[in-house]
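Please read these points with the model open beside you.

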Amino acid sequence: MSNSYLQLLLLLVLYIISANSAQPYEGNYGEAVFTLQVPTLEENNLDNLLSFGYYHKSCPQFEYILHNKVKEWIKKDDTLAASLLRLHFHDCSVRGCDGSILLKHEGSERAAQASKTLRGFEVIDDIKAALEKHCPKKVSCADILTTAARDATVEVGGPYWTVPYGRKDGTISFDYEAEMIPKGHENITSLVEFFQSKGLTVLDLVVLSGAHTIGRTTCGSIQYRLYNYKGTGKPDPSIDPKYLNFLQRKCRWASEYVDLDGTTPKTFDRMYYLNLKKNMGLLSTDQLLQSDPRTSPLVSALTTSPSVFEHQFAVSMSKFGVIDVLTDEDEGEIRTNCNFVNAY
């Protein structure tokens, strides 16, 4: 039996497991499932649809300029790859992929406590400035952020996926909405419900959590697991003892940083899932994916082959990048500066 056949079979199994896992486990999630259909270039006969060829005439150098800028920034600081992915996640998780996280004003999502550790804004600003010189008022900040997250993933060894364009930038941004984004200490039921509210499946939850194969977090976000888990005054018993010892030595100070992937933190690979099997998930939401019956079969499946994880990550990111997009000029705009709404 060929490797390609086995991989196709495994992907089918993943799909079936995901469909079964989506059934209620604790409480009723409801039956409605939302899927946003993204048109291909051939199907794009209306101006209000996303298209893979949206900038072919108005800004043909868009992807070339963006790719080179992302490459330059990550060459200087490879931690920006994870930061751009996270910035994209925070954007699409509130009001959809509309660039609202980039707005810089009092009471915006960017000003929320949950957004204090977000990075990468300067990368988006740099790309936008270059595009405004080359093709002014043509490329939205929402399209820039979505594509930058893709190119950043590729730069650290992750998969490539095609991004349809035509998103408009939102003009509304509230800090209290940003506080609803998962912070790393929720239970699986809460995460499943959050992802389903965005039209995503349990499979998408497990696969997109694999973005934690790169990046880092502050020790302050995990110290409760190391010293006082659930008020017991003891560490989380699910953490591997050797890994726990390392983390306790590493995280004496809350301000220190620790890698989300303790094995290959600078490479985008499936090691994240192999770590979960060894009880080396850094955030409690990571490790719970291994222990919860709705997600553990998917974790096991994603450890089997690098290509399976990479393929499915590209698929899930393609779905994630079109959440509640704005495509009508009456709904949004193309900002000339990603930090502020346009002045009329």
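With which side chain does the side chain of threonine 217 make a polar contact? The partner is the side chain of serine 221, at 3.0 Å. A polar contact is a pair of N or O atoms within 3.5 Å; within protein, one must be able to donate a hydrogen and the other to accept it, and residues adjacent in sequence count only if both atoms are side-chain atoms.

1. Basis. This is a predicted model, in which local features need pLDDT of at least 70 and side-chain atom pairs count only at pLDDT 80 or more, while totals for chains, interfaces and linings use all residues. Residues are numbered from 1 along each chain as its sequence is written, and side-chain values use heavy atoms, with hydrogens and water left out.

2. Threonine 217. This residue belongs to strand β1, residues 216-218. Helices (H or I, at least four residues) and strands (E, at least two) are DSSP runs, numbered from the N terminus. Threonine 217 counts as buried because its relative accessibility is 16%; buried means under 20% relative accessible area, exposed over 50%, and partly exposed in between (1.4 Å probe, protein chains only). Beyond its neighbours within four places in sequence, threonine 217 has contacts (heavy atoms within 4.5 Å) with Glu256, Tyr257, Val258, Leu260, Leu282 and Leu283. Threonine 117 is 100 residues away in sequence, yet the two C-alpha atoms are 8.8 Å apart.

3. Whole protein. There are 14 helices and two strands. Of the 344 residues, 51% are buried. Among contacts with a separation of 6 or more, 74% join residues 24 or more positions apart.

4. Cores. In soluble globular proteins, nonpolar side chains tend to be buried together. A nonpolar core here is a set of buried Ala, Val, Leu, Ile, Met, Phe, Trp, Tyr and Cys residues joined through side-chain atoms within 4.5 Å. The largest one has 70 residues, and Phe62, Leu102, Ile124, Leu131 and Phe313 have the most contacts inside it. Helix α3 gives the largest share of this core, seven residues. Another core, of 13 residues, lies apart from it and includes Ile239, Leu247, Cys251 and Leu282.

5. Helix α7. The buried residues of this helix (188-197) are Ile188, Thr189, Leu191, Val192, Phe194 and Phe195. Their cover includes α3 (80-93), α8 (202-209) and α12 (284-291). Glycine 199, which follows α7, has a positive phi, near 80 degrees.

6. Aromatic pairs. The whole structure holds 14 aromatic pairs. Rings of Phe, Tyr and Trp (its six-membered ring) pair if their centres lie within 6.5 Å; planes under 30 degrees apart count as stacked, over 60 as edge-to-face and the rest as tilted. Why is the pair of tryptophan 161 and phenylalanine 313 edge-to-face? The ring centres are 6.0 Å apart and the planes stand at 70 degrees, so the pair falls in that class. Tryptophan 161 is in the loop between α5 (141-155) and α6 (175-178), and phenylalanine 313 is in helix α14 (residues 306-320), 152 residues apart. Tryptophan 161 is buried at 5% relative accessible area, and phenylalanine 313 is buried at 0% relative accessibility.

7. Cluster. One aromatic cluster is formed by Trp161, Phe268, Tyr272, Tyr273, Phe309 and Phe313. Both tyrosine 272 and tyrosine 273 are buried.
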